[in-house]
Amino acid sequence: MATQRGGFTSRLGFILAAAGSAVGLGNIWKFPFEVGKGGGAAFVVMYLAFCFLLCFPVMVAEIAIGRKTQLNPVGAFKALGYKNWAIVGYLGLASGVLILSFYNVVAAWAFGYFVEMLLGNFDIGRNFSSFTQDWITVGSYSVIFMAGTAYVVSKGVSGGIEKAAKILMPTLFVMIIALIIYALTLPHAWDGIRFYLVPDFSQITGKVVYSALGQAFFSLSLGMGALITYGSYVSKNDNIVGAAASITLMDVGVAFLAGFMIFPFVFSQGIETDGGAGLIFVTLPSVFEGLGEVLGVIVGALFFLLLSFAAFTSTISLLEVPTAYMVDEKKIPRKKATWIVAIFIFLVGIPSMLSTGSVDALTHFVNLPGAGEKNFMDFVGLIASDTFLPLGGFLIAVFTAYVWKKENFNIELANGDESIKGSWLQSYVDFAISYICPLLLGLIFIITVMDNFFNVKILTMLFG
Ligand code: TRP
């Protein structure tokens with residue numbers, strides 16, 4: 001069985017693959033614009049606190065469930081003897097399919113921008129909306145991106161996922177450092193750093209707190225069983241808590257570093273920091289243009305290649321979840337399973353691809369009482385990443401603490417790491433998974449649903 005499913009060949013391989021899942025568009029694209037909207041450093045402080053205090057214990061729980069059962073999320077809950085809890089696994093599958101369906105489109109933009117930068121087409125930033133409307137071009141890039149992802153996943157865990165991560169993650173790290181060094185030499189770079197690092201706590205509102213929590217959760221790939229799946233390929237001799245700590249540190253580290261690159265870029269051009277989703281796609285090309293023909297092409301292409309690599313190791317993990325389900329539960333050979341799932345998700349993503357300008361009905365898809373008008377892509381994001389993930393995280397925490405039970409959870413953690421027994425770290429993880437995580441994640445879920453779908457502002461009601 002184990003040989004048929006495959007597994008990571010080393011602890012480092014697992015850590016890099018999981019960190020590859022975590023490090024993605026969320027870190028390099030979404031984190032800086034959330035920081036920009038959330039008033040800078042105050043958001044960063046909260047994000048860091050949530051990653052370590054709240055998300056890290058959930059990550060440990062996911063990996064432990066995976067390693068204990070050596071199965072995909074649906075199979076894992078069943079194998080622990082709780083058939084009804086398989087619903088959490090199905091929720092995870094649905095989240096994975098939906099998230100990948102639109103994530104692949106944004107990844108396609110990043111990859112498309114890489115090509116445009118190589119061609120020296122700096123106008124692409126000003127033409128961002130015509131670019132996203134051009135569904136033939138975006139569609140072609142997204143076919144390429146999805147096919148690349150499927151190719152790696154079809155090669156299996158050690159021969160595909162682990163191998164890709166071992167090459168891409170160090171490369172990503174080198175690229176980001178090179179870009180930071182360059183960014184810091186630009187005029188006004190240090191104003192950007194000040195905005196980024198000096199907190200103004202008056203900027204913190206209820207909304208900022210909950211978007212920091214949502215961002216931390218998404219960024220660490222939690223709540224849909226991606227880490228249950230990766231955990232299922234981890235050896236019984238590996239230390240789970242230590243691995244989770246390394247993964248969290250790498251993810252937070254890359255997000256944190258991304259700020260040192262983006263804000264100097266943005267401030268060097270005197271651009272507003274609250275540009276939202278367009279911060280990278282609209283503003284950065286003109287920054288690169290300012291560097292002149294040769295340097296602009298090099299730095300611009302390097303940046304969007306970095307973004308594409310980061311996205312790629314994440315799409316791999318998103319595709320792996322439903323694929324593992326098909327392999328374990330439906331007994332379909334990996335190669336076939338991968339391509340079936342990839343094609344299906346690509347099809348699910350077509351309306352998202354068409355919802356950024358090309359089809360009116362999808363561009364103005366819904367008008368929600370609280371969230372206002374959303375295009376199809378943002379609507380899917382709202383459902384899958386803002387709503388399903390915290391719900392999934394809540395259920396995973398409750399399951400671990402009260403159904404599977406802390407004793408069994410702790411036994412699994414001690415496999416490969418005797419020293420964890422009775423340590424303060426274990427006490428904290430147990431405490432968080434029993435109280436802090438269920439409470440905060442449950443609250444986030446309720447607040448998000450009430451706010452977006454019913455326009456009931458619980459936070460404003462409580463804190464004014
Ligand atoms: N964490 C990735 C990012 O920051 C996205 C991602 C990959 C993800 N796999 C996931 C998010 C699983 C939630 C669940 O871009």
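Start with the largest cavity in this predicted model. Fifteen is the count to keep in mind: 15 residues line the largest cavity. Nearest its centre lie S21, I99, F218, S221 and L318. Which elements give two or more residues to this lining? They are α2 (11-22), α6, α11 and α15 (293-329). The largest share, three residues, comes from α15. Nine lining residues are nonpolar and six are polar. No charged residue takes part in the lining of the largest cavity. The volume of the largest cavity is about 160 Å³.

How do we find such spaces? Rolling a probe the size of a water molecule over the atoms shows where empty space is left.

How many cavities of 30 Å³ or more does the structure hold? It holds two. So much for the count; on to the second largest cavity, with a volume of about 40 Å³. Its lining is S101, N104, V105, S142, M146, F346, G349, I350 and M353. Two or more of these residues come from each of α6, α8 (135-154) and α16 (334-353). Here α16 gives the largest share, with four residues. By class, five lining residues are nonpolar, four are polar and none is charged.

Next, the ligand. Sixteen residues are around it: 16 residues surround the ligand, and the closest are A22, G26, Y103, F218 and S221. Look at the contacts. A side-chain N or O atom of S221 is 3.1 Å from a nitrogen atom of the ligand. S21 uses its backbone: one of its backbone N or O atoms lies 3.3 Å from a ligand nitrogen atom. N27 has a polar side-chain atom 3.4 Å from an oxygen atom of the ligand.

The largest pocket holds about 1,100 Å³ of space. It is lined by 44 residues, and K30, E34, K37, K374 and D386 are the closest to its centre. Which helix supplies the largest share of this lining? That is α11, with nine residues. At least two residues each come from α3 (25-37), α6 (86-118), α11 (206-219), α18 (376-414) and α19 (424-454). The lining of the largest pocket has 21 nonpolar, 14 polar and nine charged residues.

The second largest pocket has about 190 Å³ of space. Its lining includes F50, G206, Y210, L440 and L462. Each of α11, α19 and α20 (458-463) supplies at least two lining residues. What classes do we find there? In the second largest pocket, 11 residues are nonpolar, one is polar and none is charged.

Last stop: α6. We saw α6 in the lining of the largest cavity, of the second largest cavity and of the largest pocket. This helix has 33 residues. From its first C-alpha to its last, α6 reaches 47 Å, close to the 48 Å expected at 1.5 Å a residue. Why do we call α6 largely enclosed by the rest of the structure? Because 26 of its 33 residues are buried. Just after α6 comes G120, which takes a positive phi of about 75 degrees.

Note on methods: Residues are numbered from 1 along each chain as its sequence is written. This is a predicted model: local features need pLDDT of at least 70, side-chain atom pairs count only at pLDDT 80 or more; totals for chains, interfaces and linings use all residues. Side-chain values use heavy atoms; hydrogens and water are left out. On a 1 Å grid over the protein atoms alone, a cavity is a set of points where a 1.4 Å probe fits but cannot get out, and a pocket is an open set with protein on both sides within 12 Å along at least five of seven lines; lining residues have an atom within 4 Å of a point. Grid points are joined across faces, edges and corners, and a volume is the space filled by probe spheres set on the points. Ala, Val, Leu, Ile, Met, Phe, Trp, Tyr, Cys and Pro count as nonpolar, Asp, Glu, Lys and Arg as charged, and the others, Gly among them, as polar. The expected span of a helix is 1.5 Å times one less than its number of residues. Buried means under 20% relative accessible area, exposed over 50%, partly exposed in between (1.4 Å probe, protein chains only). A residue is near a molecule or strand if one of its heavy atoms lies within 4 Å of it. A polar contact is a pair of N or O atoms within 3.5 Å; within protein, one must be able to donate a hydrogen and the other to accept it, and residues adjacent in sequence count only if both atoms are side-chain atoms.
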